[in-house]
Amino acid sequence: CYNACTVQVHIENGVATKVEGIPEVGPNFGKVCAKGNAAPLNLYNPNRIANPLRRTNPQKGIEIDPGWQEISWEEALDEITERLKKIREDDPRKLIVASFDTYSFMPLRAFVSAFGTPNFTAGPAGYFCGNGVHPVAYTITGSNDLHPDVTHCNYLIQFGSSNGIVANANAMGMTIELAEARTRGLRMVCIDPMLSNTAALADEWIPIRPGTGAAMGLGMMNVLINDLGIYDKEYLTNYTNGPYLVKESGHYVRDPETDKPMVWDEHGGAVPYDATETPSLDGSYSVDGSTVKTGFQLLKESLTSYTPERVHEITTIPPETVKRIAKEFGEAAQIGSEIVIEGEKLPHRPVAACWYRGVGAHKHGLLGGLSLAFLNV
């Protein structure tokens, strides 16, 4: 498990009898999941593999006996060393190391570097883990992951996710935070094809056709922006590329001298994005004889095709539910409110939409996650 919880083990007469967390130490702060509690069962499992095994049958397949033969550690290390020597003398790049053992990442990286191969990967090539999440997180926030700030959140939507339900990164720490937030009144909505643990614990479970979370996100944004007019204009204007002017080709309108993207100044026409304090967030304008639109204007127009009725056809979620959840989410955001944290006044938007493999493990999972991340933006 990559959460790396801090634990202490009770020993009685040389036998490990119990695993516990340490209350004052993170990331789990005294809590241990079922797997952690069951650790002694693995340690003393009579079927536990305690010595290296060598395959003697080269044939592989279902119901084919591998012919495992127990060998000593010395034999295993000698054989592995001999094979590695042969590879290194031929071409070190022929060695490929793939592992999701996060505890071994640093020594493995040092080893492959010394060996002379660049071929080290944290896990297989495919939909595993956060391939559909991390690029979105990097693009929007510059971070590796997106986690709901449940300490300050009042309305949480989980799209096929189990954040805070003893899963995902920092499984136990997030579970503690979510439990405390639920106790004080956080409302949690789960949108998931199956009645998962998250759905069972949520205030509301909304079943959805698998792989269609993006449509729900786009439909909610259509309701919020085009029907209800609920969006954070100040944030979108100052912290996103929403005001950037876009040509019909899809490229930005750029200043010929600096090549900087241009925006429409409310008082002086098209100017570089950093040359005005009053850029227009939406609208169509004429620049050099061509009609251009802001990025946010294009987003607004593209969302109109995702009506609640069309979202229903794609996802099976009733149109009324699409409208209601969007309205609840928008109103709970309390746009315009502020909060003071450690003496600093900050915008207060106590809502969050989160997702992980429930969305990312499908075709176009990255784009699906991006559409849900836009709910937060």
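User: What should I know about the model and its numbering before we start?

Analyst: This is a predicted model, in which local features need pLDDT of at least 70 and side-chain atom pairs count only at pLDDT 80 or more, while totals for chains, interfaces and linings use all residues. Residues are numbered from 1 along each chain as its sequence is written, and side-chain values use heavy atoms, with hydrogens and water left out.

User: Why is asparagine 28 called buried?

Analyst: Buried means under 20% relative accessible area, exposed means over 50%, and partly exposed lies in between (1.4 Å probe, protein chains only). Asparagine 28 has a relative accessible area of 0%, so it is buried. Asparagine 28 sits in the loop between strand S2 (15-21) and helix H1 (34-37), where helices (H or I, at least four residues) and strands (E, at least two) are DSSP runs numbered from the N terminus.

User: What makes the pairs that asparagine 28 forms with threonine 6 and lysine 31 polar contacts?

Analyst: A polar contact is a pair of N or O atoms within 3.5 Å; within protein, one must be able to donate a hydrogen and the other to accept it, and residues adjacent in sequence count only if both atoms are side-chain atoms. The side chain of asparagine 28 reaches the backbone nitrogen of threonine 6 at 2.9 Å, and a polar atom of that side chain lies 2.9 Å from the backbone oxygen of lysine 31. Apart from neighbours within four places in sequence, asparagine 28 is also in contact (heavy atoms within 4.5 Å) with residues including Cys5, Met172 and Ile176.

User: What makes H8 mostly covered and H3 hardly covered?

Analyst: In H8, 12 of its 15 residues are buried, among them Met216, Leu218 and Val223. The cover over these buried residues includes S7, strand S8 (187-191) and helix H10 (295-303). In H3, by contrast, the count of buried residues among its 18 residues is one.

User: Why is the pair of arginine 54 and glutamate 79 called a salt bridge?

Analyst: A salt bridge is a side-chain nitrogen of Lys or Arg within 4 Å of a carboxyl oxygen of Asp or Glu. The closest N and O atoms of arginine 54 and glutamate 79 are 2.9 Å apart, and the pair forms a salt bridge. Arginine 54 lies in strand S3 (residues 53-55) and glutamate 79 in helix H3, so the pair ties together parts that are 25 residues apart in sequence. Arginine 54, at 24% relative accessibility, counts as partly exposed, and glutamate 79 counts as partly exposed at 26%.

User: How many salt bridges are there by this rule, and which others can you describe?

Analyst: The count comes to 16 salt bridges. Aspartate 232 and arginine 349 meet in one of them at 2.9 Å, N to O. Aspartate 232 is in the loop between H8 and helix H9 (233-239), and arginine 349 is in the loop between strand S16 (344-347) and strand S17 (351-355), so this pair ties together parts that are 117 residues apart in sequence. Aspartate 232 counts as buried at 15% relative accessibility, whereas arginine 349 counts as partly exposed at 26%. Glutamate 338 forms a salt bridge with lysine 345, the closest N and O atoms being 3.9 Å apart, and both of these residues are exposed.
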